[in-house]
Amino acid sequence: MRVVVLGGGRSSEHQVSLKSAAAVAEGIAAAGHEVIEITLDRDGAWCSAGEPLALTPGQGLLDADVVFPVLHGTFGEDGTVQGLLELLDVPYVGAGVLASALCMDKVLFKDLLAAAGVPQVAYAAVRRHEFSDDPDRVYAKLAVLGWPVFVKPARAGSSVGIGKVTRTSQLREALDTAFAHDVVAIVEAASTGSEVECSVLGLDCPEVSLPGEIKLSGADWYDYEAKYTPGAMELVVPARVSEKAAAEIRRLAAETFARVGCAGLGRVDFFVEGDSVLVNELNTMPGFTLTSVYPKLWDATGLPFPQLCDRLLNYALERHRRERAAHA
Ligand SMILES: Nc1ncnc2c1ncn2[C@@H]1O[C@H](COP(=O)(O)OP(=O)(O)O)[C@@H](O)[C@H]1O
Ligand SMILES: [Mg+2]
């Protein structure tokens, strides 16, 4: 196959995406495919071999059979690039427009899961105008969550804009930080559980990897530094959880993937408190370097990196075929 790999993008995760895209490009080449790399600059331009690209709706992308958008965060993982690829009419790896946008928004994602009775931490959404109009009402609304709480932008990633707060007097600063990234913030009761992640792969009946546990040395929580400082996080596979919790993690990973209409790949992240398992989030385009959790969990489950890439390309083709047939 001729595969276009997209890397970079306009979000704060530009650099991480370039690393993931380089690893994916190698994996695809090792699986025997031709690779063309496209870099999305921070200003939004798309470049191939140093030249800016012009895109034409309905005309595909550089004659690619499949596109692998290895992009994280805003304008990459949030449905915008997925919409563009739909208009170009080219098969692409991963979730479509709706699931990408939904999983990017922590409030809408949690509301959807809450409606289905999926266990999660207690949370509340706070809109910027609501906070500036009447901060005391917001503080009162958040009091039911107890302390500490995590304050986050509704749509961001890599722990950017997130703060952990232990009392009311710290809320203003944390909310302002979150509002620097989005007009909606989410405030969550802190879980005391361990963090466990699970990789999902497939379409209708997805496969689920062994669960992996995030073991931090030093950091209090999994912040930006812990995510990107080599050695700050150790992935323990399988996660040190009860058999009951492990079964629940795998069940909830597959169920959540299906419920949000995900496709191809997703990493579902959990908090595990004894036998009780809470869903935290679903990343539709998780980190994809050789040392990232998503491919490492598959490797530990018996699926090496190049085969993983190959499977993803084939799911992209299958999904495109099916959706075309449905719209014919
Ligand atoms: N409700 C919570 N309870 C405990 N820790 C949390 C909670 N929310 C976030 N965290 C910590 O913050 C990290 C980043 O939060 P997360 O919601 O996963 O955002 P991101 O999309 O940036 O990864 C988590 O991995 C965890 O360490
Ligand atoms: Mg996370």
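Q: Which domains does the protein chain have?
A: This is a predicted model, and the domain assignment gives domain 1 (2-94), domain 2 (102-118 + 192-307) and domain 3 (123-189).

Q: How far apart are the centres of domain 1 and domain 2?
A: Their C-alpha centres lie 24 Å apart. As for contacts, 16 residues of domain 1 are in contact with 14 residues of domain 2.

Q: Which element gives the largest share of the side of domain 1 that touches domain 2?
A: Helix α1 (residues 14-30) does, with 7 residues. By class, that side of domain 1 has 9 nonpolar, 4 polar and 3 charged residues.

Q: Now the sheet with β1 in it. What is the strand order?
A: The order is β4-β3-β2-β1-β5, an open sheet of 5 strands with mixed pairing. At the edges are β4 (51-52) and β5 (66-69), each of which pairs on one side only.

Q: And β1 with β2, parallel or antiparallel?
A: Parallel: 7 bridges join strand β1 (residues 2-8) to strand β2 (residues 34-40). Within that pair, Leu 6 stands opposite Ile 38 in β2.

Q: Which strands does α1 touch there?
A: Helix α1 packs on the sheet and touches β1, β2 and β5. The direction of α1 makes about 160 degrees with that of β1.

Q: Other sheet now. What order do β6, β7, β8 and β9 come in?
A: They form an open sheet of 4 strands in the order β6-β9-β7-β8, and the pairing is antiparallel. β6 and β8 (163-165) are the edge strands with a single partner each, so one side of each has no neighbour in the sheet. From one strand to the next, the twist averages 25 degrees.

Q: What holds strands together in general?
A: Strands of a sheet pair through backbone hydrogen bonds, in either a parallel or an antiparallel way.

Q: Which helix packs on this sheet, touching β6, β7 and β9?
A: Helix α4 (residues 106-115) does, and its direction makes about 50 degrees with that of β9. Helix α7 (residues 171-179) lies across β6, β7, β8 and β9, running at about 25 degrees to β7.

Q: Back to β9. Why is it largely enclosed by the rest of the structure?
A: Of the 6 residues of strand β9 (residues 184-189), 5 are buried, so the strand is largely enclosed.

Q: How many bridges join β9 to β6?
A: There are 5, between β9 and strand β6 (residues 123-127). β7 is also joined to β9 by 5 bridges. Ala 185 in β9 is the bridge partner of Val 126, and Ala 185 is also the bridge partner of Pro 153.

Q: Changing topic: how many residues surround ligand 1?
A: 17 residues surround ligand 1, and the closest are Phe 150, Glu 188, Ser 191, Trp 221 and Tyr 222. The elements that give two or more residues to this shell are β7 (149-153) and β15 (276-283).

Q: Which domains give at least three residues each to the shell?
A: Domain 2 (102-118 + 192-307) and domain 3 (123-189) do. The residues of the shell divide into 7 nonpolar, 5 polar and 5 charged.

Q: Last one, α10. Which of its residues are buried?
A: In helix α10 (residues 293-301), the buried residues are Val 293, Tyr 294, Pro 295, Lys 296, Leu 297 and Trp 298. Their cover includes β10 (194-202), β12 (212-216), β13 (233-236), β14 (264-273) and α11 (305-327).

Q: What follows α10?
A: Gly 302 follows α10, with a positive phi near 105 degrees.

Technical notes
Residues numbered from 1 in each chain as written. Chains lettered and ligands numbered in written order. Predicted model: local features only at pLDDT ≥ 70, side-chain atom pairs only at ≥ 80, totals over all residues. Near = placed C-beta within 6 Å. Nonpolar A, V, L, I, M, F, W, Y, C, P; charged D, E, K, R; others polar. Domains from an automatic or database assignment. Contact = placed C-beta atoms within 7 Å. Buried ≥ 20, exposed ≤ 12 C-beta atoms within 10 Å, placed from the backbone. Pairing = 2+ DSSP bridges. Axes fitted to C-alpha atoms, helices over the stretch in contact; angles between N-to-C directions.
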